[in-house]
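Walk me through this structure, one feature at a time.

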Amino acid sequence: MLFTKSSVVSSLIVAAAAHQNLHQFWVNNVSPGYEIGIRRPPSNNPVTNVKSNDITCNVNGDKVPSGVETIPAKGGDSITVAWDVSSHPSPITHFLYGPVDDASEASGVGAGWFKIDERDYVDGHWANEIVSNAGGNYTFKLPTNLKSGDYLLRSEMLALHGAQTVGGAQFYIGCMQLKITGKGGNCSPTISLPGAYNAEDENIYIPNVYNGFDPTTYSAPGGVVATCK
């Protein structure tokens with residue numbers, strides 16, 4: 001069973017605090033600053049309509065020019081993201097969109113996204129537990145084989161406590177702007193956002209999430225982690 005009844009009650013009590021935003025990130029342990037390089041949404045409310053443009057980079061995240069600074073990085077660099085902590089069982093995933101000429105002019109809507117990182121339920125712990133135990137931080141690496149250019153880096157935490165109803169899963173999304181220097185390569189498969197997610201997908205709508213669901217079988221939306229070569 002994914003949740004106990006006591007955890008459900010606790011989740012209701014801390015619901016407001018469990019809403020999340022991405023606030024900061026580091027490239028090889030160096031941060032541009034608090035909320036610098038990030039497209040900030042107007043609130044910490046989740047996205048629940050997977051067919052809206054909000055599923056790309058959160059509410060108003062597709063508006064360009066973004067007015068957000070683009071931060072330099074290199075293929076293979078370590079990225080650490082800082083999220084608000086949450087008690088809601090969630091996977092965390094990361095996607096890139098690009099290369100493009102100017103990240104501040106890229107809406108991210110449509111084809112060209114590819115998954116570069118995913119953590120689901122591992123060794124008895126959801127990704128949100130790992131993030132919370134690290135004070136909201138989570139670290140992963142950019143692919144080594146990337147073409148040089150500007151990219152959108154999309155971080156997603158998907159809270160599953162409401163996934164027993166269609167449209168109940170809560171997507172928390174933050175997009176960063178990077179100027180990546182890479183040695184070249186092509187990444188596949190790619191997906192479209194919106195487009196790749198459907199409200200009744202088995203990893204978004206889980207009718208038995210409170211009764212008999214086996215989290216060890218779960219894989220987050222967006223397909224497999226891309227191969228870049």
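W26 has T80 in strand 4 as its bridge partner. This is a predicted model: local features need pLDDT of at least 70, side-chain atom pairs count only at pLDDT 80 or more, and totals for chains, interfaces and linings use all residues. Residues are numbered from 1 along each chain as its sequence is written, and side-chain values use heavy atoms, with hydrogens and water left out.

Now widen the view from that one bridge. Strand 1 and strand 4 are joined by 5 bridges and run antiparallel. Strands here are DSSP runs of E with at least two residues, helices are runs of H or I with at least four residues, and both are numbered from the N terminus. Two strands pair if DSSP finds at least two bridges between them. In general, strands of a sheet pair through backbone hydrogen bonds, either parallel or antiparallel.

Move on to the other partner. Strand 4 covers residues 78–83 and is joined to strand 9 by 5 bridges, again antiparallel. T80 takes part here as well: its bridge partner in strand 9 is T139. Put together, 3 strands make an open sheet in the order 1-4-9, with antiparallel pairing. Strand 1 (22–27) and strand 9 stand at the edges, each with a single partner strand, so one side of each has no neighbour in the sheet. From one strand to the next, the twist averages 20 degrees. Such angles run from 0 to 180 degrees between N-to-C directions, and the axes are lines fitted to C-alpha atoms, for helices over the stretch in contact.

Which residues of strand 9 are on its covered face? They are Y138 and F140. The uncovered face of strand 9 (residues 137–141) holds N137, T139 and K141.

Next, the disulfides. A disulfide is a pair of cysteine sulfur atoms within 2.5 Å. How many does the structure hold? It holds 2. One of them joins C57 to C175, with an S to S distance of 2.1 Å. C57 lies in helix 3 (residues 54–57) and C175 in strand 11 (residues 170–181), so this pair ties together parts that are 118 residues apart in sequence. The torsion about the S-S bond of C57 and C175 is about -80 degrees, so this disulfide is left-handed. C57 is buried, at 1% relative accessible area. C175 is buried too, at 0%. Buried means under 20% relative accessible area, exposed means over 50%, and partly exposed lies in between (1.4 Å probe, protein chains only).

C187 and C228 form another disulfide, also with 2.1 Å from S to S. C187 lies in strand 12 (residues 187–188) and C228 in strand 14 (residues 227–228), so the pair ties together parts that are 41 residues apart in sequence. This link of C187 and C228 is right-handed, with 120 degrees about the S-S bond. C187 counts as buried at 15%, and C228 is buried at 14%.

Now look at charges. Side chains of opposite charge can pair when their charged atoms come close. The structure holds 5 salt bridges. A salt bridge is a side-chain nitrogen of Lys or Arg within 4 Å of a carboxyl oxygen of Asp or Glu. R154 forms one with E156, and their closest N and O atoms are 2.6 Å apart. Buried or exposed? R154 is buried at 0% relative accessibility, and E156 is buried at 1%.

K115 and E118 make another salt bridge, at 2.8 Å from N to O. Here K115 is buried at 1%, whereas E118 is partly exposed at 23%. D77 and K74 also form a salt bridge, with the closest N and O atoms 3.8 Å apart. D77 is buried at 7%, while K74 is partly exposed at 46%.

Finish at N128. This residue is found in helix 4 (residues 127–133). N128 is buried, with a relative accessible area of 4%. What does the side chain of N128 reach? It reaches the backbone nitrogen of S90, at 3.1 Å. Leaving aside neighbours within four places in sequence, N128 is in contact (heavy atoms within 4.5 Å) with S86, S87, H88, P89, S90 and M157.

How values were computed
Polar contact = N/O pair within 3.5 Å; in protein donor to acceptor, adjacent residues only side chain to side chain.
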